[in-house]
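Reader: I would like to learn how to read side-chain contacts in a model. Please take the features one at a time, with the rule before the case.

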Amino acid sequence: MKKIYLYGNWKMNMTKAETEGFFKGYAAAVEPFASDLGTGLEVAVFPAFTSIWEAGYRSKDMKNKPIIGAQNCYYEPKGAFTGEVSIPMLKEQGVTHVILGHSERRHIFGESDELVGKKVKACLDAGLTPVLCYGETLEEREGNRTFEVMERQLRAAMKGLTPEEMGKVIYAYEPVWAIGTGKTATPAQAQEVCGWSKKLIAEVAGKDVAPVVLYGGSVKGSNAKELLSMESIDGALVGGASLKPESFLEIYGAYKN
Ligand code: PGA
């Protein structure tokens with residue numbers, strides 16, 4: 001069986017107190033799958049900046065603790081960048097993974113392909129794993145521009161990286177029209193894009209690179225098995241269903257059983 005990456009993007013949810021509550025239930029929720037952790041399952045949560053420390057603190061003595069990541073960062077190490085958070089600041093909190101280029105960052109906050117690329121490079125230089133999100137809007141899909149848009153996003157993010165670095169990125173295909181809408185891509189649609197992505201990445205990085213590609217967009221227990229069973233999908237980037245440990249781990253449970 002392949003290794004499944006179960007990554008939870010908490011977005012602007014989960015106060016410090018709610019984060020504490022999440023970790024009260026986490027150990028029990030992950031316990032049935034404890035023997036899969038490592039080779040068969042990798043779990044990460046991405047709290048808001050203000051809850052990262054709490055997540056690390058509440059999970060530090062847990063045998064089966066998740067990876068703690070961040071939802072964004074800035075590429076400069078310090079300086080006059082009001083409102084931004086640097087990579088050294090995140091590393092100090094124990095962060096090892098950073099979500100970059102999420103569609104909400106691209107569309108609500110106007111992040112460009114170029115900016116996302118700089119952040120990807122800065123994370124890799126600092127030894128952090130970027131979780132690079134990319135995906136098309138409904139308008140782009142309906143206008144038959146899905147692959148053109150994604151190729152642009154992927155190539156911009158990989159620009160200037162060595163093949164080895166390209167292999168360290170975790171890629172997350174998230175069709176914008178399926179995020180937070182309850183509308184999931186069909187397993188065939190998700191497989192088509194994830195398979196295509198792997199081919200494109202191999203074309204750019206070389207055949208020795210075997211990229212990890214996740215699917216994200218309204219993944220939950222009831223649709224997880226079909227999606228995660230698809231050949232080119234290595235895991236899920238989960239928003240809404242990751243806010244409770246039970247609904248989050250239910251996604252892996254559904255796949256396994
Ligand atoms: P969703 O969010 O699971 O709530 O659709 C996914 C994401 O944006 O990462």
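Author: Begin with secondary structure: helices (H or I, at least four residues) and strands (E, at least two) are DSSP runs, numbered from the N terminus. This is a predicted model, in which local features need pLDDT of at least 70 and side-chain atom pairs count only at pLDDT 80 or more, while totals for chains, interfaces and linings use all residues. Residues are numbered from 1 along each chain as its sequence is written, and side-chain values use heavy atoms, with hydrogens and water left out.

Reader: What separates Glu164 and Lys168 in helix H8?

Author: About one helical turn, because the two residues are four apart in helix H8 (residues 163-168). The term covers a side-chain nitrogen of Lys or Arg within 4 Å of a carboxyl oxygen of Asp or Glu.

Reader: Is Glu164 buried or exposed?

Author: The scale is relative accessible area: buried is under 20%, exposed is over 50%, and partly exposed is in between (1.4 Å probe, protein chains only). Glu164 is exposed at 57%, and Lys168 is partly exposed at 46%.

Reader: Which residues do salt bridges that share partners join into one network?

Author: That network consists of Lys16, Glu20, Lys24, Glu54 and Arg58. By the rule above, the count of salt bridges is 21.

Reader: How far apart are the closest N and O atoms of Lys121 and Asp125?

Author: They are 3.1 Å apart, and the two residues form a salt bridge. Both residues lie in helix H5 (residues 113-125), four apart, so about one helical turn separates them. Lys121 is partly exposed, with 27% relative accessible area, whereas Asp125 is exposed, with 54%.

Reader: Which residue meets Glu111 in a salt bridge?

Author: Arg105 does, at 2.9 Å from N to O. Glu111 is buried at 8% relative accessibility, and Arg105 is partly exposed at 23%.

Reader: Where is Ser112 found?

Author: Ser112 sits in the loop between helix H4 (103-107) and H5. With a relative accessibility of 33%, this serine is partly exposed. Its C-alpha atom is 30 Å from that of Leu228, a residue 116 positions away along the chain.

Reader: How should I read aromatic pairs, and how many does the count give?

Author: Rings of Phe, Tyr and Trp (its six-membered ring) pair if their centres lie within 6.5 Å; planes under 30 degrees apart are stacked, over 60 edge-to-face, and the rest tilted. The count by this rule is 14 aromatic pairs. Take Phe23 and Tyr26: their ring centres are 5.9 Å apart and their planes at 55 degrees, so this pair is tilted. Because they are three residues apart in helix H1 (residues 16-30), about one helical turn separates them. Phe23 is buried at 4% relative accessibility, and Tyr26 is buried at 0%.

Reader: What kind of aromatic pair do Tyr134 and Tyr173 form?

Author: A tilted one, with 6.0 Å centre to centre and 40 degrees between the planes. Tyr134 is in strand E5 (residues 129-134) and Tyr173 in strand E6 (residues 170-173), so the pair ties together parts 39 residues apart in sequence. Tyr134 is buried at 2% relative accessibility; Tyr173 is buried too, at 0%.

Reader: Which residues do ring pairs link into a cluster?

Author: The cluster contains Trp10, Phe22, Phe23 and Tyr26.
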